[in-house]
Amino acid sequence: MSPLFTPARTRGFLRATVTAVALSSVLLATGCGSSDESGGDAQATAAVPAGFPVTIDNCGVKTTYDRPPSRVVTIHQHPAELMLALGLKDRMVGTAFPDSAVLPELRKDYESVPELAKKEPSFERILDAEPDLVYGGYGSAFAENEGRSRKAFADAGIHTHLNREYCGKKRVTMKDTYDEIRTIGKIFGVPDRADELVADLRTRVGKATTAVKGEPQVPVFVYDSGDKSAFTAGGKSLGTELIRLAGGENVFADLDDVFGDVSWEQVVERRPEVIAVYDYAGAKSVEEKKKFLLSQPALADVPAVRNKRFVVLPLTATLVGIRSAYAVDDLARGLHPESFR
(Lines give C-alpha, C1' and ligand atoms only; values in the text may rest on other atoms or scores of the structure.)
Protein backbone atom coordinates (compact mmCIF):
# COMPACT_ATOMS: atom_id res chain seq x y z
CA MET A 1 0.00 0.00 0.00
CA SER A 2 1.43 3.31 -0.93
CA PRO A 3 1.82 6.14 1.63
CA LEU A 4 -1.17 7.86 0.10
CA PHE A 5 -3.36 4.94 1.07
CA THR A 6 -3.21 4.97 4.86
CA PRO A 7 -6.09 3.14 6.63
CA ALA A 8 -7.78 6.50 7.15
CA ARG A 9 -7.53 7.64 3.55
CA THR A 10 -8.46 4.22 2.25
CA ARG A 11 -11.66 4.33 4.29
CA GLY A 12 -12.49 7.82 3.12
CA PHE A 13 -11.85 7.09 -0.52
CA LEU A 14 -13.45 3.70 -0.84
CA ARG A 15 -16.60 4.62 1.06
CA ALA A 16 -17.51 6.89 -1.82
CA THR A 17 -16.65 3.98 -4.77
CA VAL A 18 -17.39 -14.19 12.47
CA THR A 19 -16.57 -23.31 19.05
CA ALA A 20 -16.91 -23.93 15.11
CA VAL A 21 -20.08 -25.76 14.17
CA ALA A 22 -19.51 -29.50 14.15
CA LEU A 23 -19.75 -30.71 10.60
CA SER A 24 -19.02 -34.17 9.36
CA SER A 25 -15.64 -34.79 7.77
CA VAL A 26 -17.47 -35.09 4.45
CA LEU A 27 -18.75 -31.51 4.67
CA LEU A 28 -15.40 -30.15 5.75
CA ALA A 29 -13.83 -31.79 2.72
CA THR A 30 -16.39 -30.54 0.24
CA GLY A 31 -16.32 -26.82 1.10
CA CYS A 32 -18.90 -24.54 -0.45
CA GLY A 33 -19.88 -22.76 -3.56
CA SER A 34 -22.59 -23.18 -6.12
CA SER A 35 -20.73 -20.93 -8.51
CA ASP A 36 -17.71 -23.30 -8.56
CA GLU A 37 -18.44 -25.97 -11.14
CA SER A 38 -15.17 -27.82 -10.53
CA GLY A 39 -16.15 -29.40 -7.22
CA GLY A 40 -16.39 -32.92 -8.67
CA ASP A 41 -18.73 -35.79 -7.96
CA ALA A 42 -18.07 -35.78 -4.19
CA GLN A 43 -19.41 -32.25 -3.81
CA ALA A 44 -22.31 -32.90 -6.15
CA THR A 45 -23.44 -35.98 -4.21
CA ALA A 46 -22.75 -34.78 -0.65
CA ALA A 47 -25.85 -34.27 1.50
CA VAL A 48 -26.96 -30.67 1.70
CA PRO A 49 -26.87 -29.40 5.31
CA ALA A 50 -30.13 -28.28 6.92
CA GLY A 51 -30.98 -24.73 5.96
CA PHE A 52 -28.95 -24.81 2.78
CA PRO A 53 -28.58 -23.67 0.10
CA VAL A 54 -28.47 -20.07 1.31
CA THR A 55 -28.52 -17.10 -1.04
CA ILE A 56 -27.10 -13.76 0.11
CA ASP A 57 -27.27 -10.45 -1.75
CA ASN A 58 -24.21 -8.57 -0.53
CA CYS A 59 -23.42 -5.12 -1.88
CA GLY A 60 -25.08 -6.04 -5.16
CA VAL A 61 -23.30 -9.41 -5.48
CA LYS A 62 -25.68 -12.37 -5.18
CA THR A 63 -24.04 -15.55 -3.85
CA THR A 64 -25.57 -18.98 -3.24
CA TYR A 65 -23.86 -21.14 -0.62
CA ASP A 66 -24.59 -24.86 -1.05
CA ARG A 67 -23.05 -25.49 2.38
CA PRO A 68 -21.19 -23.46 5.02
CA PRO A 69 -17.73 -22.21 3.94
CA SER A 70 -14.90 -24.25 5.43
CA ARG A 71 -11.79 -22.28 4.39
CA VAL A 72 -12.09 -18.56 4.97
CA VAL A 73 -9.63 -15.72 4.63
CA THR A 74 -10.56 -12.51 6.43
CA ILE A 75 -9.08 -9.22 5.35
CA HIS A 76 -9.10 -6.58 8.11
CA GLN A 77 -9.58 -7.23 11.79
CA HIS A 78 -13.28 -6.68 12.39
CA PRO A 79 -14.47 -9.54 10.12
CA ALA A 80 -11.99 -11.86 11.88
CA GLU A 81 -13.22 -10.88 15.33
CA LEU A 82 -16.83 -11.31 14.25
CA MET A 83 -16.14 -14.84 13.03
CA LEU A 84 -14.22 -15.72 16.18
CA ALA A 85 -17.05 -14.40 18.35
CA LEU A 86 -19.35 -16.79 16.51
CA GLY A 87 -17.01 -19.71 17.29
CA LEU A 88 -15.81 -20.12 13.71
CA LYS A 89 -12.05 -20.28 14.29
CA ASP A 90 -11.76 -23.70 12.67
CA ARG A 91 -13.13 -22.29 9.43
CA MET A 92 -10.42 -19.64 9.17
CA VAL A 93 -7.27 -20.30 7.16
CA GLY A 94 -5.89 -16.77 7.15
CA THR A 95 -6.25 -13.24 8.48
CA ALA A 96 -4.73 -9.97 7.38
CA PHE A 97 -4.38 -6.32 8.31
CA PRO A 98 -4.77 -6.12 12.12
CA ASP A 99 -5.79 -2.58 13.05
CA SER A 100 -5.44 -2.67 16.84
CA ALA A 101 -5.11 -4.97 19.86
CA VAL A 102 -7.49 -7.92 19.63
CA LEU A 103 -10.17 -8.32 22.30
CA PRO A 104 -8.54 -10.25 25.19
CA GLU A 105 -11.14 -13.04 25.05
CA LEU A 106 -10.43 -13.57 21.35
CA ARG A 107 -6.67 -13.09 21.32
CA LYS A 108 -5.64 -16.76 21.67
CA ASP A 109 -7.93 -17.85 18.85
CA TYR A 110 -6.90 -14.93 16.67
CA GLU A 111 -3.22 -15.71 17.07
CA SER A 112 -3.83 -19.35 16.10
CA VAL A 113 -4.94 -18.30 12.60
CA PRO A 114 -2.13 -17.69 10.09
CA GLU A 115 -1.51 -14.03 9.30
CA LEU A 116 -1.15 -13.64 5.57
CA ALA A 117 -0.04 -10.00 5.56
CA LYS A 118 0.22 -6.89 7.70
CA LYS A 119 -1.84 -5.01 5.13
CA GLU A 120 -4.11 -6.35 2.40
CA PRO A 121 -2.49 -9.51 0.96
CA SER A 122 -1.95 -9.95 -2.73
CA PHE A 123 -4.41 -11.93 -4.81
CA GLU A 124 -1.80 -14.65 -5.26
CA ARG A 125 -1.08 -14.86 -1.51
CA ILE A 126 -4.79 -15.32 -0.84
CA LEU A 127 -5.04 -18.02 -3.50
CA ASP A 128 -2.16 -19.86 -1.79
CA ALA A 129 -4.41 -20.29 1.29
CA GLU A 130 -6.98 -22.07 -0.92
CA PRO A 131 -10.05 -20.31 0.52
CA ASP A 132 -13.63 -20.91 -0.50
CA LEU A 133 -14.62 -17.50 0.89
CA VAL A 134 -12.83 -14.18 1.32
CA TYR A 135 -14.50 -11.87 3.86
CA GLY A 136 -13.40 -8.24 3.64
CA GLY A 137 -13.85 -5.43 6.14
CA TYR A 138 -13.04 -2.28 4.16
CA GLY A 139 -13.75 -1.79 0.48
CA SER A 140 -9.99 -1.96 -0.09
CA ALA A 141 -10.16 -5.72 0.55
CA PHE A 142 -11.42 -6.02 -3.00
CA ALA A 143 -9.46 -3.22 -4.64
CA GLU A 144 -9.67 -3.73 -8.38
CA ASN A 145 -6.51 -1.74 -9.03
CA GLU A 146 -4.58 -4.20 -6.84
CA GLY A 147 -5.98 -7.27 -8.61
CA ARG A 148 -8.38 -8.29 -5.83
CA SER A 149 -11.75 -7.46 -7.37
CA ARG A 150 -14.71 -9.58 -6.39
CA LYS A 151 -14.98 -10.64 -10.02
CA ALA A 152 -11.38 -11.88 -9.96
CA PHE A 153 -12.19 -14.09 -6.99
CA ALA A 154 -15.42 -15.28 -8.59
CA ASP A 155 -13.52 -16.19 -11.73
CA ALA A 156 -11.20 -18.27 -9.51
CA GLY A 157 -14.22 -20.06 -8.00
CA ILE A 158 -13.98 -18.22 -4.65
CA HIS A 159 -16.92 -16.50 -2.98
CA THR A 160 -16.55 -13.04 -1.44
CA HIS A 161 -18.40 -11.10 1.23
CA LEU A 162 -17.90 -7.42 2.01
CA ASN A 163 -18.82 -5.87 5.35
CA ARG A 164 -22.09 -4.03 4.73
CA GLU A 165 -20.57 -0.77 5.97
CA TYR A 166 -18.98 -0.45 2.54
CA CYS A 167 -22.06 -1.24 0.49
CA GLY A 168 -22.76 2.45 -0.14
CA LYS A 169 -25.68 2.92 2.24
CA LYS A 170 -26.52 6.47 3.15
CA ARG A 171 -26.04 5.98 6.88
CA VAL A 172 -24.55 3.23 9.05
CA THR A 173 -26.28 2.32 12.34
CA MET A 174 -26.15 -0.34 15.03
CA LYS A 175 -28.82 -2.21 13.08
CA ASP A 176 -26.17 -2.76 10.42
CA THR A 177 -23.98 -4.41 13.06
CA TYR A 178 -26.75 -6.74 14.15
CA ASP A 179 -27.73 -7.51 10.56
CA GLU A 180 -24.11 -8.25 9.61
CA ILE A 181 -23.76 -10.71 12.49
CA ARG A 182 -26.99 -12.47 11.53
CA THR A 183 -25.95 -12.64 7.88
CA ILE A 184 -22.63 -14.27 8.75
CA GLY A 185 -24.49 -16.64 11.08
CA LYS A 186 -26.75 -17.61 8.19
CA ILE A 187 -23.86 -18.15 5.77
CA PHE A 188 -22.11 -20.48 8.24
CA GLY A 189 -25.24 -22.28 9.43
CA VAL A 190 -25.07 -20.90 13.00
CA PRO A 191 -28.10 -18.58 13.20
CA ASP A 192 -28.74 -19.42 16.86
CA ARG A 193 -25.22 -18.32 17.78
CA ALA A 194 -25.69 -15.13 15.84
CA ASP A 195 -28.96 -14.38 17.65
CA GLU A 196 -27.28 -15.02 21.02
CA LEU A 197 -24.40 -12.71 20.14
CA VAL A 198 -26.74 -9.96 18.98
CA ALA A 199 -28.76 -10.27 22.20
CA ASP A 200 -25.57 -9.98 24.26
CA LEU A 201 -24.43 -6.89 22.39
CA ARG A 202 -27.87 -5.28 22.64
CA THR A 203 -27.76 -5.82 26.40
CA ARG A 204 -24.33 -4.23 26.61
CA VAL A 205 -25.52 -1.18 24.69
CA GLY A 206 -28.73 -0.99 26.73
CA LYS A 207 -26.85 -0.85 30.02
CA ALA A 208 -24.70 2.02 28.80
CA THR A 209 -27.56 4.05 27.36
CA THR A 210 -29.64 3.54 30.50
CA ALA A 211 -26.79 4.79 32.67
CA VAL A 212 -26.62 8.11 30.79
CA LYS A 213 -30.34 8.56 30.17
CA GLY A 214 -31.44 12.12 30.87
CA GLU A 215 -27.91 13.53 30.84
CA PRO A 216 -27.20 16.52 28.56
CA GLN A 217 -25.60 15.65 25.24
CA VAL A 218 -21.86 16.28 25.19
CA PRO A 219 -20.36 17.80 21.99
CA VAL A 220 -17.76 15.35 20.64
CA PHE A 221 -15.13 15.78 17.95
CA VAL A 222 -13.71 12.61 16.43
CA TYR A 223 -10.01 12.89 15.62
CA ASP A 224 -8.89 10.15 13.32
CA SER A 225 -5.81 11.79 11.84
CA GLY A 226 -4.47 14.84 10.03
CA ASP A 227 -2.22 17.83 10.61
CA LYS A 228 -3.11 20.56 8.14
CA SER A 229 -6.75 19.51 8.33
CA ALA A 230 -8.65 17.06 10.51
CA PHE A 231 -9.86 13.73 9.18
CA THR A 232 -13.00 13.04 11.15
CA ALA A 233 -16.14 10.89 11.32
CA GLY A 234 -19.11 12.30 9.46
CA GLY A 235 -22.84 11.89 9.81
CA LYS A 236 -23.01 8.67 7.83
CA SER A 237 -20.50 6.90 10.08
CA LEU A 238 -21.37 4.35 12.73
CA GLY A 239 -19.27 6.50 15.04
CA THR A 240 -21.95 9.19 15.00
CA GLU A 241 -24.55 6.74 16.30
CA LEU A 242 -22.16 5.35 18.91
CA ILE A 243 -21.62 8.86 20.23
CA ARG A 244 -25.38 9.49 20.30
CA LEU A 245 -26.09 6.26 22.17
CA ALA A 246 -23.39 7.19 24.70
CA GLY A 247 -25.02 10.53 25.45
CA GLY A 248 -23.08 12.75 23.10
CA GLU A 249 -23.37 14.54 19.80
CA ASN A 250 -20.88 14.41 16.95
CA VAL A 251 -20.08 18.04 16.17
CA PHE A 252 -19.60 17.06 12.54
CA ALA A 253 -22.78 15.01 12.17
CA ASP A 254 -23.69 17.33 9.31
CA LEU A 255 -20.72 16.11 7.27
CA ASP A 256 -22.43 14.12 4.53
CA ASP A 257 -20.02 11.19 4.46
CA VAL A 258 -18.65 8.39 6.63
CA PHE A 259 -15.29 10.14 6.96
CA GLY A 260 -14.04 13.46 5.66
CA ASP A 261 -11.67 16.38 6.11
CA VAL A 262 -12.62 19.52 8.04
CA SER A 263 -10.61 22.61 8.86
CA TRP A 264 -9.23 23.34 12.28
CA GLU A 265 -11.15 26.60 12.18
CA GLN A 266 -14.34 24.56 12.01
CA VAL A 267 -13.23 22.50 15.00
CA VAL A 268 -12.64 25.68 17.00
CA GLU A 269 -16.03 27.09 16.00
CA ARG A 270 -17.90 23.97 17.12
CA ARG A 271 -16.24 23.89 20.55
CA PRO A 272 -16.25 20.17 21.34
CA GLU A 273 -16.09 19.27 25.01
CA VAL A 274 -14.60 15.82 24.40
CA ILE A 275 -12.31 14.50 21.67
CA ALA A 276 -12.65 10.85 20.65
CA VAL A 277 -9.25 9.72 19.39
CA TYR A 278 -9.29 6.78 16.98
CA ASP A 279 -6.42 4.37 17.55
CA TYR A 280 -5.12 2.03 14.85
CA ALA A 281 -1.94 0.73 13.28
CA GLY A 282 -0.41 2.73 10.47
CA ALA A 283 -1.10 6.15 11.97
CA LYS A 284 0.44 8.19 14.75
CA SER A 285 0.17 6.75 18.25
CA VAL A 286 -2.53 7.99 20.59
CA GLU A 287 0.05 9.90 22.60
CA GLU A 288 1.38 11.55 19.46
CA LYS A 289 -2.13 12.57 18.45
CA LYS A 290 -2.86 14.03 21.88
CA LYS A 291 0.46 15.87 21.92
CA PHE A 292 -0.31 17.38 18.54
CA LEU A 293 -3.76 18.58 19.60
CA LEU A 294 -2.49 20.01 22.88
CA SER A 295 0.37 21.85 21.15
CA GLN A 296 -1.74 23.83 18.68
CA PRO A 297 -2.23 27.45 19.84
CA ALA A 298 -5.37 27.76 17.72
CA LEU A 299 -7.00 24.93 19.68
CA ALA A 300 -6.02 26.19 23.14
CA ASP A 301 -9.48 27.55 23.94
CA VAL A 302 -11.40 24.53 22.67
CA PRO A 303 -13.00 23.09 25.84
CA ALA A 304 -11.88 19.52 25.12
CA VAL A 305 -8.28 20.63 24.62
CA ARG A 306 -8.24 23.08 27.50
CA ASN A 307 -9.62 20.41 29.88
CA LYS A 308 -7.67 17.56 28.28
CA ARG A 309 -10.80 15.45 27.84
CA PHE A 310 -9.99 12.56 25.51
CA VAL A 311 -11.66 9.21 24.95
CA VAL A 312 -9.56 6.65 23.08
CA LEU A 313 -11.34 4.19 20.81
CA PRO A 314 -9.71 1.39 18.81
CA LEU A 315 -10.70 1.90 15.20
CA THR A 316 -12.15 -1.63 15.12
CA ALA A 317 -14.61 -0.57 17.84
CA THR A 318 -16.11 2.07 15.58
CA LEU A 319 -16.90 -0.24 12.66
CA VAL A 320 -19.66 -2.70 11.82
CA GLY A 321 -18.57 -5.62 13.99
CA ILE A 322 -18.79 -6.91 17.54
CA ARG A 323 -16.68 -4.13 19.06
CA SER A 324 -19.17 -1.32 18.43
CA ALA A 325 -21.23 -2.28 21.48
CA TYR A 326 -18.06 -2.06 23.59
CA ALA A 327 -17.43 1.40 22.16
CA VAL A 328 -20.81 2.68 23.36
CA ASP A 329 -19.88 1.72 26.92
CA ASP A 330 -16.39 3.23 26.66
CA LEU A 331 -17.77 6.45 25.21
CA ALA A 332 -20.54 6.73 27.79
CA ARG A 333 -18.02 6.38 30.60
CA GLY A 334 -15.83 9.01 29.02
CA LEU A 335 -18.64 11.48 28.35
CA HIS A 336 -20.57 10.97 31.60
CA PRO A 337 -18.16 9.53 34.16
CA GLU A 338 -20.42 10.63 37.01
CA SER A 339 -23.11 8.21 35.81
CA PHE A 340 -20.83 5.25 36.45
CA ARG A 341 -19.60 6.05 39.95
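1. The torsion about the S-S bond of Cys59 and Cys167 is about -70 degrees, so the disulfide is left-handed. Cys59 lies in the loop between strand 1 (54-58) and strand 2 (61-65), and Cys167 in the loop between strand 7 (159-162) and helix 8 (174-187), so the pair ties together parts that are 108 residues apart in sequence. The two sulfur atoms are 1.7 Å apart, where a disulfide is defined as a pair of cysteine sulfur atoms within 2.5 Å. The structure holds one disulfide.

2. This is a predicted model, in which local features need pLDDT of at least 70 and side-chain atom pairs count only at pLDDT 80 or more, while totals for chains, interfaces and linings use all residues. Residues are numbered from 1 along each chain as its sequence is written, and side-chain values use heavy atoms, with hydrogens and water left out.

3. The chain contains 14 helices and 13 strands; these are DSSP runs numbered from the N terminus, helices being H or I of at least four residues and strands E of at least two. Of the 341 residues, 54% are buried. The accessible surface is about 14900 Å², and carbon and sulfur atoms account for 50% of it (Shrake-Rupley method, 1.4 Å probe).

4. Both cysteines are partly exposed: Cys59 has a relative accessibility of 28% and Cys167 a relative accessible area of 30%. Buried means under 20%, exposed over 50%, and partly exposed in between (1.4 Å probe, protein chains only).

5. Four strands form an open sheet in the order 10-8-12-13, with parallel pairing (two strands pair if DSSP finds at least two bridges between them). Strand 10 (248-250) and strand 13 (310-314) are at the edges with a single partner strand each, so one side of each has no neighbour in the sheet. From one strand to the next, the twist averages 35 degrees.

6. Within this sheet, strand 8 (residues 218-223) and strand 12 (residues 274-279) run parallel and are joined by four bridges. Tyr223 stands opposite Val277 in strand 12. Helix 10 (residues 238-245) lies across strand 8, strand 10 and strand 12, at about 155 degrees to strand 10; axes are lines fitted to C-alpha atoms, for helices over the stretch in contact (heavy atoms within 4.5 Å), and angles run from 0 to 180 degrees between N-to-C directions.

7. Glu165 is in the loop between strand 7 and helix 8 and is buried, with a relative accessible area of 3%. The Glu165 side chain reaches the backbone nitrogen of Val320 at 2.9 Å.

Terms used
A polar contact is a pair of N or O atoms within 3.5 Å; within protein, one must be able to donate a hydrogen and the other to accept it, and residues adjacent in sequence count only if both atoms are side-chain atoms.
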